[in-house]
Amino acid sequence: MTTPALLPLSGRRLPPLNLGASAFPHHRATLRLAFITLCFGAFFFLPDSSKHKRFDLGLEDVLIPHVDTSKGGKNLGGFLIHGQGHDEHRHREEEERLRNKIRADHEKALEEAKEKLKKSRDEIQAEIQTEKNKVVQELKKKDSKPLPPVPLPNLIGINSGEPADPDIREKRNKVKEMMKHAWDNYRQYGWGHNELKPIARKGHSTNIFGNSQMGATIVDALDTLYIMGLHDEFREGQEWIDKNLDFSVNSEVSVFEVNIRFIGGLLAAYYLSGQEVFKIKAVQLAGKLLPAFNTPTGIPWAMVNLKSGVGRNWGWASAGSSILAEFGTLHMEFVHLSYLTGDPVYYNKVMHIRKLLQKMDRPNGLYPNYLNPRTGRWGQHHTSVGGLGDSFYEYLLKAWLMSDKMDMEARKMYDDAIEAIEKHLIRKSNGGLTFIGEWKNGHLERKMGHLTCFAGGMFALGADGSRDDKAGHYLQLGAEIAHTCHESYDRTTLKLGPEAFKFDGGVEAVAVRQNEKYYILRPEVIETYWYMWRFTHDPKYRQWGWEATQAIDKYCRVSGGFSGVKDVYSSSPTYDDVQQSFFLAETLKYLYLLFSNDDLLPLDNWVFNTEAHPLPVLHLANTTLSGNPAYR
């Protein structure tokens, strides 16, 4: 999961319209001005003739088609004036009638304006509020139109997974207890806020969610609660979503983050529980994201205002570019939206992005991280399998898996990309550690981010079906990445991994800069352990996962929840005081699955989005998808 650097957003916002008492500092002067404005406006807001074919003034027989009788009465396309003298008189009468009508309308509007101004300020405000409420209700009616009934895919393995081994069962129960601790404290101190500050014991948010409190932790945690059997907590979350989750807010949000956390979380909760409210809310929110695609190329803006639909890009992104991992991480959710609604618009949006990318030249076969949505040209040539690039490659593979391995176009794009990555970015260190560097303007930077560690799991997941019978090679590559990322944890004091680590000279798998030594409860290393466990059943992956569980519980747990730490090399670290929503969505879910049997969310039937929200494979045999025009 990619989270761009959270820098202050630039750009001015218009102040909100103030209709309170302070909006009327000088009541009489204000009323006089309003009276003049209304009078002036009364003239300009009369019915606009341009919106109608004509005024109904009885002029039908003034203009008649020009018919030449000498040529069989055919219409020559012109008009003749009928009865010149008589018609001039009649025309003057009609003009006078029209003038009288305008005068009467004008006087009527003035009378209405005078009546309005006789009312008190409170009455005027009440009327304005009533009109606003009517508009809101109409919008809600429009948003809540019933969706067509669609049969659920054949859902397998949505509960249990209880391990027979008592030791593994105890570890799984420990992870469940940690989830309960995180949820209960959020419930007590941050309920309805996006995230929790567990030390200050209050709500927390970042600019990816705009200025609104949308309960990100609730939506992100739902499916984890469900598979852990925490059904009372799940119902609490469902009730909050049903009553409080509102997308008609004046708030500028990250399209990518809202898609993977909210739409992904709501869709997963719907498929697991069958509760319609989650599907309805997902579709409502998706409609609010669609204006972000209104760019010259169809590549969406990074941010969109949920109320106005106005989009823009992050100020720090290369020359106003959109980011590969953001516009390239929409496919899974949007295909499911088209499947559930029967509306191809979502599918068409993401397929348009794919077609555009297929046409573009790629330096050394690599996809740069930046693309300008106005010009359709790449920004700076920076390629990464970590932040800014990561989930784009993940979603190419998962598009193929989610289509029941029918989407061969996605598989080809994935295979081509991985070949270029292996050729240009993957290297072995002097100490024998396989790592994935970053390509910057023709130079390989020998640094790997925590975010990049997801790739071990991706290589394992994509091994089956790879070109030239290289399944064994990619499974081995996944294992090597998992080992490197475990080393990044093992070489710290806290046994928790840093945000980024170098492979320069004698320094290997260790963070050098102070601003790269933090751990913010990230899931990517544990995600790779889980995939490697599923495909190999090598017990070391469960052992490594248990090491991480113990370290998180020892160093990140506080009485008010779980917090990130600022320096994993310090024996007495300071906290960042944020319980990230992805900790509940991903980190704890992957740990729970690691200590569960493989029949819980089996990978033949489920594909996890980049926020660990499971979405079902759309098998053509047991769904109506083959008959859905969006899929064809």
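## Overall picture

This is a predicted model, where local features need pLDDT of at least 70, side-chain atom pairs count only at pLDDT 80 or more, and totals for chains, interfaces and linings use all residues. Numbering runs from 1 along each chain as its sequence is written, and side-chain values use heavy atoms, with hydrogens and water left out.

The protein has 18 helices and 21 strands; these are DSSP runs (H or I, at least four residues, for helices; E, at least two, for strands), numbered from the N terminus. Of its 632 residues, 53% count as buried, meaning under 20% relative accessible area with a 1.4 Å probe, protein chains only. Take the contacts (heavy atoms within 4.5 Å) between residues at least 6 apart in sequence: 69% of them join residues at least 24 apart.

## Helix H11

H11 covers residues 345-359, and its 15 residues reach 22 Å from first C-alpha to last, close to the 21 Å expected (1.5 Å times one less than the number of residues).

Its buried residues are Tyr346, Tyr347, Val350, Met351, Ile353, Arg354, Leu356 and Leu357. What covers them includes helices H8 (276-289), H9 (324-327), H10 (331-341), H12 (390-402) and H13 (408-424), plus strand E9 (370-371).

Strands E16 (500-504) and E17 (507-510) pair in the antiparallel sense over three bridges; pairing takes at least two DSSP bridges. Asp504 stands opposite Val507 in E17. Two residues lie between the strands, and Gly505 in this hairpin takes a positive phi near 60 degrees.

How values were computed. Buried means under 20% relative accessible area, exposed over 50%, partly exposed in between (1.4 Å probe, protein chains only).
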